[in-house]
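Subject: Structure handover

Hello,

Here is the structure for you to look over. My notes on it follow below.

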Amino acid sequence: MADDTESTMQSNAINAPVSQHHALLGFVRQARYVVACIVVGFFFIFLAGKVIASPNMDGTRALAAGPAVSLVAELAMIGGLVAAVAIGTLLTWPDAPHAGLFIASVGLIFLACHWGPITLLLALHHTDLTRAYRIVALQNIFWVFYILIGEAVSRGIYELIGSRNWPLYLGLPWPVNAAANHSIPATAGYPSFSNVLINGFAYRPIGSRIGQNLLAFASTMIVAAIFLFLLLKSQQPGQAIFACSVAFAAGAFVSSLLAPEADAWVIWITPPIIAAIGGFLAPHFAQPYPAHTGLFLMRTLPIYYSSAGLAGAIFGYYAAVRLHFRRVVETLQSHAVTG
């Protein structure tokens with residue numbers, strides 16, 4: 001009995017530093033994300049202050065046109081996006097390929113909060129709300145291109161410095177039976193769709209791919225709209241951030257499970273598209289009281305959709321990737337045992 005107790009104490013003494021070491025690494029890994037988000041957030045505030053004039057109502061008047069207020073502002077915001085994705089990728093390297101885009105989207109929330117809620121914009125344009133809604137809706141054209149450029153930059157950075165073992169940093173065993181199953185790549189590819197982790201870049205019929213993309217797009221839109229209806233109850237920035245992030249996280253998670261072959265960018269663009277739909281539908285809903293929209297989709301500005309919404313979508317997408325991957329791992333293990 002004494003010998004067993006002594007051996008257990010010795011084993012704990014040996015393993016304790018290792019456990020503490022891994023705990024410290026986990027803390028540092030998470031702290032990097034916090035630091036990166038803060039750095040990128042203040043970077044966006046500084047950049048917007050230089051390129052988007054906002055003398056009135058803390059940016060709300062300029063935000064009616066958004067970055068599209070001028071070509072200089074558009075190019076500067078896109079250049080800022082490239083820099084933000086690069087900064088986020090470097091500070092979180094070698095994590096998942098979309099870590100930089102996630103950091104950039106969270107950093108953009110800082111700018112959204114700095115500009116304020118949609119309430120001031122509705123109060124300013126109370127005499128012609130239809131025009132104000134239309135301007136806000138058209139602003140989402142810029143945000144769609146903004147997100148697509150962010151996805152392209154993420155892919156380019158991944159090709160240059162991306163780690164091909166990034167599933168390991170998501171807590172996933174990698175590779176999975178690569179020696180026994182040659183269809184599974186020894187290194188992880190860029191996650192254009194979630195089952196790239198399992199099947200590689202095998203050719204698929206174009207019809208199937210289009211169908212998967214349409215299913216992912218529709219399911220993300222429907223699920224996100226339901227959650228927005230349930231959660232987006234006021235026009236306050238905090239409410240908008242919470243509702244958009246949760247709604248599109250849920251939408252991306254569900255769509256990635258229903259359509260695992262869909263391209264990620266199809267899910268990324270759903271936040272500004274829902275915001276645009278809200279802008280065109282809002283004139284048909286009467287205001288419950290001044291400076292408050294009658295349609296729940298228009299209770300926040302497009303920048304909240306393209307920041308918190310995109311961040312939530314990336315989070316939900318990678319949650320589905322992990323679930324899908326672990327399910328395949330369990331299937332392979334059960335086949336190995338029964339075989």
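Cavities first: there are two of 30 Å³ or more. A cavity here is a set of points, on a 1 Å grid over the protein atoms alone, where a 1.4 Å probe fits but cannot get out. Grid points are joined across faces, edges and corners, and a volume is the space filled by probe spheres set on the points.

Before going on, some ground rules. This is a predicted model, in which local features need pLDDT of at least 70 and side-chain atom pairs count only at pLDDT 80 or more, while totals for chains, interfaces and linings use all residues. Residues are numbered from 1 along each chain as its sequence is written, and side-chain values use heavy atoms, with hydrogens and water left out.

The largest cavity has a volume of about 110 Å³. Its lining has 15 residues. Thr89, Asp95, Ala96, Pro97 and Gly162 lie nearest its centre. Lining residues have an atom within 4 Å of a point. The biggest contribution is from α6, with four residues.

Asp95 turns up again in a salt bridge. Its side chain meets that of Arg32 at 3.4 Å, N to O. (A salt bridge is a side-chain nitrogen of Lys or Arg within 4 Å of a carboxyl oxygen of Asp or Glu.) The pair links distant parts of the chain, 63 residues apart. Asp95 sits in the loop between α3 (71–92) and α4, and Arg32 is in helix α1. Asp95 counts as buried because its relative accessibility is 7%. Arg32, at 22%, is partly exposed. The cut-offs are under 20% relative accessible area for buried, over 50% for exposed, and partly exposed in between (1.4 Å probe, protein chains only).

The whole structure holds two salt bridges. The other joins the side chains of Arg164 and Glu159, also 3.4 Å, N to O. Both partners are partly exposed: Arg164 has a relative accessible area of 26%, and Glu159 has 46%.

Now the largest pocket. A pocket is an open set of points with protein on both sides within 12 Å along at least five of seven lines. This one contains about 450 Å³ of space. It is lined by 15 residues, with Arg29, Tyr33, Leu170, Phe315 and Tyr318 nearest its centre. Elements giving two or more residues to the lining are α1 (2–51), α4 (99–115) and α12 (302–338). The largest share, five residues, is from α12.

On the surface there is a nonpolar patch. Leu138, Ile141, Phe145, Leu148, Trp265 and Phe280 form it, with about 580 Å² of accessible area together. Patch residues have over 30% relative accessible area and no salt bridge; like charges are joined within 9 Å, nonpolar side chains (Val, Leu, Ile, Met, Phe, Trp, Tyr) within 5 Å. Areas come from the Shrake-Rupley method with a 1.4 Å probe; for residues, only the protein chains shown count as cover. Helix α6 (residues 129–161) gives the patch its largest share, four residues. Trp265 belongs to helix α10 (residues 264–268). It is partly exposed, at 37% relative accessibility.

Last, the overall picture. The chain has 12 helices and zero strands. Helices (H or I, at least four residues) and strands (E, at least two) are DSSP runs, numbered from the N terminus. Of its 339 residues, 48% count as buried.

Best wishes
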